[in-house]
Structures are given as C-alpha cells and as structure tokens.
Amino acid sequence: MTSIGTGYDLTNSTFSPDGRNFQVEYASKAVENGGTAIGIRCRNGVILAVEKIVTSKLLKSGANKRIASIDRNFGMISSGLIPDGRHLVSRARDEAASWRTNYKCPIPSSSLAFRVGSYMQAYTLYSSVRPFGVTTILAGWDSETENRVDGQVGSGPKAASGGQRNAVKDGGPGLYMIEPSGLYWGYYGAATGKGRQTAKAELEKLDLSSGNLSLEQGVKEAARIIYAAHEDSKDKEFELEMSWISSSDGPTKGRHEQVPKEILDEAENFASRAMEGDEDEDTATGGGETMEE
C-alpha cells in the first residue's frame, strides 16, 4: 500500500488504501509552519501565549493581535494559516452568542470546544471544501459562582452558568486544543506550531496536573517557554502576546483580558534571564569537557 498521496490527495472525501486522509495531514503540516502557541491551565486561571514572528520592519508593534476574545470568559488562539484562524474565531463567537440566546447563560468551555470541533470536522467530509489549516487552543473559565441570568423573561435554569447546585460549586478553568481533523482534547498544558516539541517538553516539567501553579507564576513560565521554543528561529525577531482568565476573585474577575503591559514586561525579563542562564550553563559545560580532553 502506498504511503504517499499519488492520487488519493486530490479530494478531501477520499481515503487512501491504508486509511489516511492526506488533505487533513497536509493541513497539519501547515500548522507546523506557524508560530508557537501555548495554553497553560493554572490553579486559579488559564493563560494563552503566542510567538508572533515579525515578517517586516514596517509592521506596527502590538497592532496585529493573534489572541481573540470569544465571550467575556473565553479566549482563543490559532497556529497555522492566520485567515483560517480568524474565520474560526467568528464561528466560535456565533456559537457562544447562540448559546446565550437559547439558554440565557454563558456557554461551558466543553460545549464550545465540542461545537467548534464539530464545525472543523465537517470540513473534512466533503470534496467541495478543504480542512482548516490551523490548530486552535481554546481557554475559558466556567464561573464557579451564581451568576445573574441573561435576559428579562423567566428565572433561567436551576443550575447557573457555573453549575452551582445544592451548595456544590462546579466550574473552573478549561483548556482545549482542537486539531484540523476536528479532534479535541482537554489539557493541563497545550502547545502547537513550529516549536511545539520544545514547548511540550517544558510544559511537562511544570507538573500542571498537581494544580500548584498560580496564575502569576504561569505568566512567567509561559513567557519562558515561548522564548525557549523560539531558539530554533532566533535569527528572526518576534513579539510575545499573552492573555489570561482568572477566577471570579482573581485579577480579571472571570473575564478574558490581555496581560497588563507591566506584568508582561516583567515576564519577558524573567524569560530573557532564564535563557541567558541556560546559555551560561551550556558554555560552562562545554568548557569543562574541553578541559577534560
């Protein structure tokens, strides 16, 4: 059986003899050419960060945003073909607005991931369309407190947007990554783009499943990871864009917002010092090996 396209990659609705959809695989390759994007689920919030390669000196710094707000409590970032990512942002906003209209409360993060994933999967079924050339990271905070129901008619559902019932609080941070095939998983830490392997290795070192990392610490670690992932392309300039969502008693009050400039600058300084420290260690190690020889 063939392992290359040879005719089976001409249409999106045809499987190869060994069960592969080459158009979806090609879309994944497009993602690998995009800037590194990561999401970190912390104890009291979620962080999104992206490496924006500066392709021209004429670009205005900070003007070309890659992280978008979907609802008051949701943010989304994509790596790959930027226009495809913007289309998905528009679709996700429509889904969030539709949920508010029908159920009078914010959409849960798991439901939004399901709806966006289903939409992306539909573009892998028909020959008249192509898969989206992006992998999307979706971050949200499902309110853990009783929220006022949207609208003026009725009292709304007995369980509020955070799922509060019988004095039991649900909700909390949500982080999902949706691939071009429409497949999505919930994550403690997610990475995609050109530097995803480096970023993934650094995320695994943080032991995020223990729930010990605070939102403030996560901002610094996110900056450090993006800087580490950029090492393979360090001949190119880049900008770091970052946003966060906290609990209702945190710095963002449950809303998705850009990380304030002073905090972002502090995180970038931390990342720069960390990278310089790694370089010093590598130099010292190399010097030691020379002495031994």
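Axes here are lines fitted to C-alpha atoms, for helices over the stretch in contact, and angles run from 0 to 180 degrees between N-to-C directions. This is a predicted model, in which local features need pLDDT of at least 70 and side-chain atom pairs count only at pLDDT 80 or more, while totals for chains, interfaces and linings use all residues. Residues are numbered from 1 along each chain as its sequence is written, and side-chain values use heavy atoms, leaving out hydrogens and water. Helices (H or I, at least four residues) and strands (E, at least two) are DSSP runs, numbered from the N terminus.

**Two helices together**
- Helix H2 (residues 82-103) packs with helix H3 (residues 109-122) at about 130°, and their axes are 10 Å apart.
- That angle makes H2 oblique to H3 (angles under 35 degrees count as roughly parallel, over 145 as roughly antiparallel, 65 to 115 as roughly perpendicular, and the rest as oblique).

**The sheet**
- Five strands form an open sheet in the order E3-E4-E5-E6-E7, with antiparallel pairing (two strands pair if DSSP finds at least two bridges between them).
- Its edge strands are E3 (67-71) and E7 (184-186), each pairing on one side only.
- Strand E6 (residues 172-178) is joined to E7 by three bridges.

**A look at Ala223**
- Ala223 lies in helix H5 (residues 215-229).
- Ala223 is buried, with a relative accessible area of 0% (buried means under 20%, exposed over 50%, partly exposed in between, with a 1.4 Å probe and protein chains only).
- Beyond its neighbours within four places in sequence, Ala223 is in contact with residues including Leu240 and Met242 (contact means heavy atoms within 4.5 Å).
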